[in-house]
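Good morning, and thank you for coming. I shall take a few minutes to present one model, beginning with a ligand site and moving on to the backbone.

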Amino acid sequence: MALAALKPLVRRHAEIGIFLIAALLVLWFSASSDGRWANFYNLASVLQVTATLGLMSLGVALVIGTGEIDISVGSTFGMGALVYLWLALRVDPALAMLAAVAVGAAIGAFNGLLITRTGTPSLIITLGSLMIFRGIAIALTEGFSFSIPYGDRSGATYWALGGGDLLGINTALVWLVVILVVLTVTLKMTPFGNRLLAVGGSASSAHSRGVRVDRIKLAAFVLSGVLAAFSGTLEAGKLGFADGSMGRLMELQAIASCVLGGCLLAGGRISLIGALVGAFVLSSIQSYLVVMGVKPQWFMLLLGIIVVAAAYGDRRLRNWSVTR
Amino acid sequence: MPDKTPLIQVKNLDLYFGAFHALKNVSVDFHSGELVGLVGDNGAGKTTLIRVLCGIHKPTSGEVWFDGRQVKEFHPKLAIDNGIETIQQSVGLCDNLSIARNFYLGREPVRRIMGIPFLDMGKMRDLSTKVIREFGLRDNVSADDEVERLSGGERQSVKIGRAVEFKNRVVIMDEPTNHLSVREREHVNELALQLKEQGLLVIYITHDIFQVHKLANRIVIMENGEKIEDALTSSMTADQLEEVIRQGGRKVEKREAV
Ligand SMILES: Nc1ncnc2c1ncn2[C@@H]1O[C@H](COP(=O)(O)OP(=O)(O)OP(=O)(O)O)[C@@H](O)[C@H]1O
Ligand SMILES: [Mg+2]
């Protein structure tokens, strides 16, 4: 059978499942929405959502690669957005972005240090910081407005930081592509990437070979915080305003993107491109529900059902690939 | 040998895992050019002792001296930098990485492009391929294969090959012949002797009493976290050695009195 020849390919590349699912969904959505989904304007907006969710997912994927998990990224995203909006007009948008990224790095370091120094599971620590920084965001936005009037959002920096389009598509997508390439090269072709995956594969074996396991994990959490805050910056750059609930529940979507994209939660095996396609699938489904006029209260339910179905299909595909 | 200062000196070492007393006041010296057999029952503390030497465990109290300097910080990186290579009993390979990547884990060769260190995959592949062939891995296994698919013996050969390739001053072997076929066992034992001849310190843990009696010039016996015997191999027959281990610490005094 010609299909059997594909088995080794599927086995080696866990992300193939999500590519197939993405292709099928695109066909289905295009065919069934009478042009309301598959038009340039809508697809550009899907790509913008993919870019912000995708950047966050890349960071989460790196943490998953070390065998840990980071669910604080939704709040970090919100903090990044608020810091950027607060400083962009008062100081300078480029400096505001750097400050947002620094806050993200600090949240990541907070997570990483607590986890490696105390040996507490990352699920608990990052659940705590998810709530802590959400609380801070809500407190900060009470009585204050975090916004930049449209007229003040001119200039190349605003344009580059999610405030403008390139060929009709939000500039966030350019950031996504560049960062994807940089991180993929780092993961596959540098000692840091080798050690990161080793730590996720077997922390005790990596340790026995002289790898500084704690430093690798800390670096992954810092990168995750940086990417989430940067993603929040780009979203704030597009919207021009933010409230305390910005990025709520996005952490769950980011984790779902990673898992759909072939990242093994046990660690050691991740696909960055897969996580991105996972983010694309999630944003596509959301936009499909919108254009089909599904009432927002059904979103979560339908999204959840589709995620479960996709995960199941992916599992079937992988099981098939290891049969003879 | 006793006239030289020891390469590794362990003084009054105690180690607790929580409330469990795994090493009890262990003192032992190791010299360059020695092949020391470390034997004793399951759970006696052999692996725990060598894991202190290679930096995995930090002792609760006591001192470790390496080459005349006291070891202050315990981390495998520092032990490896000191020239201590270890074939570990149950760790050492990451299943999710290729043989080549495992081989160089923690000491990856790099080529810098604009200052950025990139893995020198060519070098990693070539050397690890050469070594796994020397150690009897067949052509159906390539250095790019993930360790996950290797058999028990193949994994052991990768670990041994790696330690021998990077040998420097000390090679610690924790039950190195596990999973190996007769021919590979002989190969490993020959290598252990060669390393000793080259002036390295070899610490060899095994349950094969008769084998270690042939190989080692000194035998250290552990029992329940304690060192109960430390003697030149020439001072006892293999049968006596087996008897001491079988009886545990209780009969040592008596045997020496006879
Ligand atoms: N990380 C750990 N935490 C708790 N207990 C441990 C740990 N490592 C070892 N032990 C305990 O310490 C004791 C000594 O173990 P060790 O591995 O040193 O024995 P060993 O002499 O190497 O035995 P074997 O011949 O079976 O390999 C055992 O009782 C073991 O259960
Ligand atoms: Mg042992």
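**Ligand 1 and its surroundings**

In this predicted model, an oxygen atom of ligand 1 is 2.7 Å from an N or O atom in the side chain of Lys46(B). I call this a polar contact, that is, a pair of N or O atoms within 3.5 Å. For His207(B), the corresponding distance from a ligand oxygen to a side-chain N or O atom is 2.8 Å, and for Gln89(B) it is 3.0 Å. On its own, ligand 1 has 630 Å² of accessible area, of which the protein covers 63%; the areas come from the Shrake-Rupley method with a 1.4 Å probe.

Before I continue, the conventions: this is a predicted model in which local features need pLDDT of at least 70 and side-chain atom pairs pLDDT 80 or more, while totals for chains, interfaces and linings use all residues. Residues are numbered from 1 along each chain as its sequence is written, chains are lettered from A and ligands numbered from 1 in the order written, and side-chain values use heavy atoms, without hydrogens or water.

The shell of ligand 1 holds 13 residues, each with a heavy atom within 4 Å of the ligand. Asn42(B), Lys46(B), Thr47(B), Thr48(B) and His207(B) are the closest. The largest share, three residues, comes from α1(B); helices here are DSSP runs of H or I with at least four residues, and strands runs of E with at least two.

**The magnesium ion**

Which residues coordinate the magnesium ion, ligand 2? They are Thr47(B), through OG1, and Gln89(B), through OE1, at 1.8 to 2.3 Å. The pair links distant parts of the chain, 42 residues apart: Thr47(B) is in helix α1, Gln89(B) in the loop between β6 and α3 of chain B. Donors are N, O and S atoms within 2.8 Å of the metal (3.2 Å for Na, K and Ca), and since water is not among the atoms, the site may look incomplete. Thr47(B) is buried, with a relative accessible area of 16%, whereas Gln89(B) is partly exposed at 33%. Buried means under 20%, exposed over 50%, and partly exposed in between.

**Two positive phi angles**

Most residues other than glycine have a negative phi. Glu175(B), however, has a positive phi of about 45 degrees, and His179(B) one near 70 degrees. The loop between β9 and α6 of chain B contains Glu175(B) and also His179(B). Glu175(B) is buried at 12%, while His179(B) is exposed at 60%.

Note on methods
Buried < 20%, exposed > 50% of the residue type's maximum accessible area, 1.4 Å probe, protein only. Polar contact = N/O pair within 3.5 Å; in protein donor to acceptor, adjacent residues only side chain to side chain.
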